[in-house]
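Please read this short briefing beside the sequence and the model.

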Amino acid sequence: MAQYFEVHPDNPQPRLLKQAAALLQKGGIVAVPTDSSYALVCHLDDKDAADRLRRIRQVDEKHHLTLLCRDLSELANYARVDNRQYRLLKLGTPGPYTFILEATKEVPRRVSHPSRKTIGLRVPDRKGLQLLLELHGAPLLATTFIPAGESEPLNDPEEIRERYEKVLDAIVDAGGCPQEPTTVVDLTPMGTGGDPEVVREGRGSLQALGL
């Protein structure tokens with residue numbers, strides 16, 4: 001049965017999030033609110049946890065998982081970033097963007113995109129999640145919490161509890177999310193002198209990135 005943590009959206013209680021971080025360290029799957037919608041997260045280096053995460057979402061190995069990072073310096077450990085890419089990343093972090101970049105060797109091979117060796121990275125703008133990342137001390141592997149066969153992500157922590165409390169280890173309730181997907185921008189073409197490519201326009205403004 002999932003533990004249920006009611007966390008204040010603006011002043012998240014470290015005591016509760018420490019408990020959630022401890023569950024992640026043990027290989028747990030936790031539902032957390034982000035600056036776009038609820039997501040499922042787990043420890044980056046735990047293969048069993050990543051497999052469970054995919055099973056809950058009912059997605060296969062080809063499904064692109066995202067890394068949630070605290071800040072740009074942490075992101076740079078997991079992706080190759082040149083000066084042009086860094087300038088654009090600075091404009092969009094923290095915020096509701098997912099950036100696709102070339103993965104470094106720090107990223108487990110099973111997590112990066114198999115044919116392209118790329119990884120999607122985010123620096124979320126949500127206080128509770130930022131504190132959880134800080135307490136966990138490393139990036140988290142994440143996927144938007146869209147139930148199998150549905151098109152909309154879940155946004156009500158009580159509904160998540162009703163439907164998934166038997167398969168999750170914890171649910172962090174910090175109220176609803178904007179329920180709009182992140183804007184996804186592929187920065188890999190910039191590495192060879194090209195322009196960034198917009199994969200999906202979502203909550204993050206393209207104008208803010210100068211695109």
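**Rings and strands**

Tyr97 is buried, with a relative accessible area of 6%; buried means under 20% relative accessible area, exposed over 50% and partly exposed in between, using a 1.4 Å probe and protein chains only. This is a predicted model, in which local features need pLDDT of at least 70, side-chain atom pairs count only at pLDDT 80 or more, and totals for chains, interfaces and linings use all residues. Residues are numbered from 1 along each chain as its sequence is written, and side-chain values use heavy atoms, leaving out hydrogens and water.

**Aromatic rings**

- Rings of Phe, Tyr and Trp (its six-membered ring) pair if their centres lie within 6.5 Å; planes under 30 degrees apart count as stacked, over 60 as edge-to-face and the rest as tilted.
- By this rule there are two aromatic pairs.
- Tyr97 and Phe99 form a stacked pair, with 5.7 Å from centre to centre and 20° between the planes.
- Phe99 is also buried, at 1% relative accessibility.

**Charge over a ring**

- Arg161 lies over the face of Tyr4, 3.9 Å from the ring centre; the rule asks for NZ of Lys or CZ of Arg within 6 Å of the ring centre and within 35 degrees of the ring normal.

**Strand β8**

- Four of the five residues of strand β8 (residues 140-144) are buried, so the strand is largely enclosed by the rest of the structure.
- Strands (E, at least two residues) are DSSP runs, numbered from the N terminus, and two strands pair if DSSP finds at least two bridges between them.
- Strand β3 (residues 38-43) runs antiparallel to β8, joined by five bridges, and Val41 has Ala142 as its bridge partner in β8.
- Strand β4 (residues 66-68) also pairs with β8 in the antiparallel sense, over three bridges, with Thr66 opposite Ala142.
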